[in-house]
Amino acid sequence: MSPYAHIAGWGMYAPAKVLSNQDLERMVDTSDEWIRSRTGIAERRIAGEKESTSTMAVEAARRALARAHLSPRQLDAIIVATISPDYLTPATACLVQAALGADRAAAFDVSAGCSGFVYALHLAHIGIAAGEWRSVLIIGAETLSRFVNWEDRATCVLFGDGAGALVLVASDQPGGVLACVLGADGSGAELLSIPAGGSRMPASPETLSQRAHTIQMDGRAVYRFATHIIPEAVEQVMRKAGLPLSAVDMIIPHQANIRIIEAARKKLRLPEEAFYINLYRYGNTSGASIPIALCEVAEHELINDGSVVVLVGFGAGLTWGAAAVRWGVPLPQPARPWHQRVLYLGRALLGRLPAFLRKLLYRLWHILPSQRDG
Ligand code: COA
């Protein structure tokens, strides 16, 4: 029998700095009224100078691992969904792996726009169901503030930074991830992109002066796509899970725009309370928006053991994806005594030591080429 992939831990991180609509009024020709009425967003978080996608991902991951009572060394794979990685290469997941000391884990990124987290969840699910992995950490993390043109009022008001993580574990208990559907339509690739900085348009003084390294978007076209794809993906994934739409307890949509979510909700004929919405406080955090919302739902106990939750994303690519999950933590979660918590912390810190020493060794290797070659 194939193992089931259960969510055993969750964690999120939002940077401390808040950028409100009033702050934006002082930066571009916009108003709090316009932003709220067209998007629903009131404020968003902005990463601090020393923060990046990997540092926020690590914070969220640590919280998810602690909740799952799992040490980083037990992880088989780390998947980071992001469109704002620390580097073009290496993958942000590798930076997370080293920072956590998860030295048994494979690590790679997924680039699927704002659907990236659902793509990552599907990969974790099939890796576990195939018996290949027992414990997988998936993270959605973004620092979109570094890819936004702060002079373009049509886009800069929409995006924010943050990270959310889940730990999935194999279990023989039925439940966990029930079904996933993924899709893409590359003919819409130009509707939402960062044109420069890749091999097609390498960085140059011209690309910099044209702001071609920032997010370019046809907002209306993306809006139309989103309002039809959310209901379609939700219906498809519930069919695949073998459940009627009425069995859904909570839908956690990608948090892009309140009007998009509202239009999708009406098409699905579901009540308002069936959708969790937190975009007022975070804006669109792309790959991080679904896991951040899921963390809040779990933290506030808005779902119970046995609840059916649907995660649904859409975004650049164009891509979309939905996952149906039966909530319920499969492992016993006893409150651990203090000495075990100290031991856990010690192990987590010690776990980072090998990666640190290897990093040191690589640096020495680089400094001493003559001895090496000789
Ligand atoms: N403040 C004030 N006015 C603004 C503005 C802002 N921040 N941004 C745009 N406008 C203006 C436009 O210039 C336009 O003015 P005009 O009529 O004089 O030309 C007017 O508002 C209407 O622009 P429009 O683009 O038609 O607005 P809209 O109702 O479609 O809303 C979005 C714009 C971006 C909010 C909406 O299209 C949207 O949410 N699209 C989906 C985007 C998305 O979710 N992307 C991420 C997907 S993962």
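Colleague: What radius of gyration does the protein chain have, next to that of a compact globule with 374 residues?
Modeller: With 374 residues, a compact globule would have a radius of gyration near 21 Å, taken over C-alpha atoms with the rule of 2.2 Å times the number of residues to the power 0.38. This is a predicted model, in which local features need pLDDT of at least 70 and side-chain atom pairs count only at pLDDT 80 or more, while totals for chains, interfaces and linings use all residues. Residues are numbered from 1 along each chain as its sequence is written. The value for the protein chain agrees with the globule rule, being 21 Å.

Colleague: What share of the residues in the protein chain is buried?
Modeller: A residue is buried if 20 or more other C-beta atoms, placed from the backbone, lie within 10 Å of its own, exposed if 12 or fewer do, and partly exposed in between. Of the 374 residues in the protein chain, the buried share is 48%.

Colleague: How far apart are the end C-alpha atoms of helix α8?
Modeller: Helices (H or I, at least four residues) and strands (E, at least two) are DSSP runs numbered from the N terminus. The expected span is 1.5 Å times one less than the number of residues, so the 23 residues of α8 (residues 219-241) should span 33 Å. The distance in the model agrees with this, at 32 Å.

Colleague: At which residue does α8 bend?
Modeller: The bend is the angle between axes fitted to the seven residues ending at a residue and the seven starting there. For α8 the angle is about 25 degrees, and a proline, P231, follows within four residues of the bend, which lies at I229.

Colleague: Is H213 buried, exposed or partly exposed?
Modeller: H213 is found in the loop between α7 (205-209) and β10 (216-217). Because H213 has 17 C-beta neighbours inside 10 Å, it counts as partly exposed.
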